[in-house]
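Thank you for asking me to look over this model. My remarks follow as numbered points, to be read beside the coordinates.

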Amino acid sequence: MTGVIWLNSDMPPLTEESLIHFATHCFKNLHLKCSTIKMYICGIRYKYLENGKPSIFSDSSDKLYRLDALYRGIKKNEKKSTKPRLPITFTILKDICQFLRKGYYTPYVDILLEAACVTAYFGFLRCGEFTVLHSFDSECNVSIEDIRFFKDKVTFHLKASKTDPFREGVDIHLFASGASVCPVLSLERYMDYRDRKFKDSKSQDAFFVMENRKALTRNYFISSLKIYLPYLDTTQTYIMVTAFALEQAPQQVRKLKITLFRHSDGGHSVILAI
């Protein structure tokens, strides 16, 4: 508003040109984001409308095309501060299991989290496929009846997933490895403890449940994982918990742009390069 004179009792004149200069000043000199600049200009608009003063905001049919173009330009030039998202590798999974076996939460929660992590890793599961967002729904979430134990494997029936919008379902086979980190042993240990803790459970109840007997939620699982990850002997700080087992892909495949998805080929999860 330099060089513009107006009465003290009146609002200063306002043009699209002055708003463009203001937005440019906010971005170049104050280093504000586009969303913040828009909020400031909305505040200016509010004051003019509140005082009933004629301005470029008075006619709602007027479109500030140059100002909108400036918004788009500012947004494109904003620096994106994205944190690296790394996968849960087998080394990290092994450290998680060893840490939980020493006892961090209650015995039940330690076994629950270990079983969930191991199942997700060996089953190539997304976080939302073995947890619930808010409430449990037996039509799409994992129930006790969806888990079948055999001599050398566990069959995990997934009713619905991101890649199965029609909910046809798919069986995921988790085989015994005989190693210290074994999906069959982890699930058997969890199921045994769960049966003793909740003796009146029904087959339609949630398979992974917290101590309050509610289904394991995504928020609880991720927040618990973030709590004990800093205690592990690893330099990987930012972990991608939406999808497990990316490190299982061969080295030559990991160098390509790949996608993880479930394919109904005998119930096995596969990785296809694109």
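Predicted model: local features only at pLDDT ≥ 70, side-chain atom pairs only at ≥ 80, totals over all residues.

1. Residues are numbered from 1 along each chain as its sequence is written, and side-chain values use heavy atoms, with hydrogens and water left out.

2. The chain holds 9 helices and 5 strands, taken as DSSP runs (H or I of at least four residues for helices, E of at least two for strands) and numbered from the N terminus. Their order along the sequence is α-α-α-α-α-α-β-β-β-α-α-α-β-β. Of the 274 residues, 38% are buried, where buried means under 20% relative accessible area, exposed over 50%, and partly exposed in between (1.4 Å probe, protein chains only).

3. Helix α2 has 18 residues, and its first and last C-alpha atoms are 26 Å apart, close to the 26 Å expected at 1.5 Å a residue; the expected span is 1.5 Å times one less than the number of residues. Its buried residues are Cys 34, Ile 37, Ile 41 and Tyr 48. Seen down the axis of α2, these fall within an arc of 65 degrees, so they line one face of the helix; the arc is that of the directions from the helix axis to the C-beta atoms. The other side of α2 carries the exposed residues Ser 35, Met 39 and Cys 42, and just after the helix Gly 52 adopts a positive phi of about 65 degrees.

4. In α3, the buried residues include Leu 67, Tyr 71 and Ile 74. They cover an arc of only 70 degrees around the axis, which puts them on the same side of α3. The face turned away from that buried side bears Tyr 65, Arg 72, Lys 76 and Asn 77, which are exposed.

5. The cover over the buried residues of α2 includes α1 and α3, while that over the buried residues of α3 includes α1 (16-28) and α2 (34-51).

6. Please also look at Tyr 104, in the loop between α4 (90-101) and α5 (107-122). Tyr 104 is partly exposed, with a relative accessible area of 32%.

How values were computed:
Contact = heavy atoms within 4.5 Å.
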